[in-house]
Amino acid sequence: MIRIGHSTDIHRLESGYDLIIGGVHIPHTKGSVAHSDGDCLLHTVCESLIGALALGDLGKLFPDDSTEYKDIDSSVLVQKVITLVHNKGFHVVNMDSTIFLEKPKLQDYILKMRQNIALLLAIDLDCVSVKATTGERVGIIGREEAIMTESVVLLSND
């Protein structure tokens with residue numbers, strides 16, 4: 001059996017916060033506002049996995065009013081979710097993600113993001129795609145008010 005999961009997440013960008021995407025710290029004047037470390041990409045990775053197995057959403061498993069998850073490294077959340085996936089008898093076939101961010105340019109960081117995600121999901125690097133695009137200076141992405149990410153995952157139990 002195969003299962004597909006999809007997720008979209010968006011976070012405000014403000015000065016005074018770190019910008020962490022796919023487990024990579026990226027130098028920038030603004031960072032992602034969140035209860036956890038604000039890694040929008042790893043949040044959609046988690047939630048697409050959760051969705052593929054119909055387990056609810058990220059907030060159900062890791063409530064944003066819980067002190068246990070305050071400032072938590074989102075890699076830890078992915079580890080917890082992939083354990084659930086494996087315990088249900090599934091494994092990740094592939095993952096495809098898109099980052100919507102006006103600045104900074106992410107080309108120099110994409111490979112490291114892919115490597116981090118592949119390691120977390122226990123899959124080969126060529127099974128992880130991460131792309132980045134801008135908002136062409138339009139809307140909340142284009143005005144540098146937010147970062148948005150989307151992820152799609154294919155799971156199999158064969």
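# Loops, helices and a pocket

Trainee: Where is proline 104?

Mentor: Proline 104 sits in the loop between S5 and H4. By the way, this is a predicted model: local features need pLDDT of at least 70, side-chain atom pairs count only at pLDDT 80 or more, and totals for chains, interfaces and linings use all residues. Residues are numbered from 1 along each chain as its sequence is written, and side-chain values use heavy atoms, with hydrogens and water left out.

Trainee: What do labels like H and S stand for?

Mentor: They are helices (DSSP runs of H or I, at least four residues) and strands (runs of E, at least two), numbered from the N terminus. Strand S5 covers 91-100 and helix H4 covers 110-121.

Trainee: Which residue after H4 has a positive phi?

Mentor: Alanine 122, which follows H4, has a positive phi near 60 degrees. Alanine 122 lies in the loop between H4 and strand S6 (128-133).

Trainee: Is alanine 122 buried or exposed?

Mentor: Alanine 122 counts as exposed because its relative accessibility is 60%. The scale goes like this: buried is under 20% relative accessible area, exposed is over 50%, and partly exposed is in between (1.4 Å probe, protein chains only).

Trainee: And what's the phi of arginine 137?

Mentor: Arginine 137 has a positive phi of about 60 degrees, although it is not a glycine. Arginine 137 is in the loop between S6 and H5, and it counts as exposed because its relative accessibility is 71%.

Trainee: Let's look at H4 itself. How many residues does H4 have?

Mentor: H4 has 12 residues and reaches 16 Å from its first C-alpha to its last, close to the 16 Å expected at 1.5 Å a residue. That expected span is 1.5 Å times one less than the number of residues.

Trainee: Which residues of H4 are buried?

Mentor: Ile110, Met113, Asn116, Ile117, Ala118, Leu120 and Leu121 are buried. Their cover includes strand S2 (20-21), strand S3 (24-25), H1, H3, S5 and S6. Covering goes by contact, meaning heavy atoms within 4.5 Å.

Trainee: What about leucine 111, is it buried or partly exposed?

Mentor: Leucine 111, also in helix H4, is partly exposed, with a relative accessible area of 45%. Its C-alpha is 9.1 Å from that of leucine 125, 14 residues apart in sequence.

Trainee: OK, how long is H3?

Mentor: Helix H3 (residues 74-87) has 14 residues and spans 20 Å from first C-alpha to last, close to the 20 Å expected. Its buried residues are Ser74, Ser75, Leu77, Val78, Val81, Ile82 and Val85.

Trainee: Why do the buried residues of H3 line one face of the helix?

Mentor: Seen down the axis of H3, they fall within an arc of 150 degrees, so they line one face. The arc is taken from the directions from the helix axis to the C-beta atoms. H1, S5, H4 and strand S7 (146-156) are among what covers those residues.

Trainee: Changing topic: how much space lies in the largest pocket?

Mentor: About 300 Å³. His35, His43, Leu58, Phe62 and Asp64 are the closest to its centre, out of 16 lining residues. A pocket is an open set of points on a 1 Å grid over the protein atoms alone, where a 1.4 Å probe fits, with protein on both sides within 12 Å along at least five of seven lines; lining residues have an atom within 4 Å of a point. Grid points are joined across faces, edges and corners, and the volume is the space filled by probe spheres set on them.

Trainee: Which element gives the largest share of the lining?

Mentor: S1, with three residues. Strand S1 (2-14), helix H1 (40-52) and helix H2 (58-61) each supply at least two.

Trainee: Last one: where is glutamate 145?

Mentor: Glutamate 145 is in the loop between helix H5 (139-142) and S7. Leaving aside neighbours within four places in sequence, glutamate 145 contacts His11, Arg12, Leu13 and Ile140.
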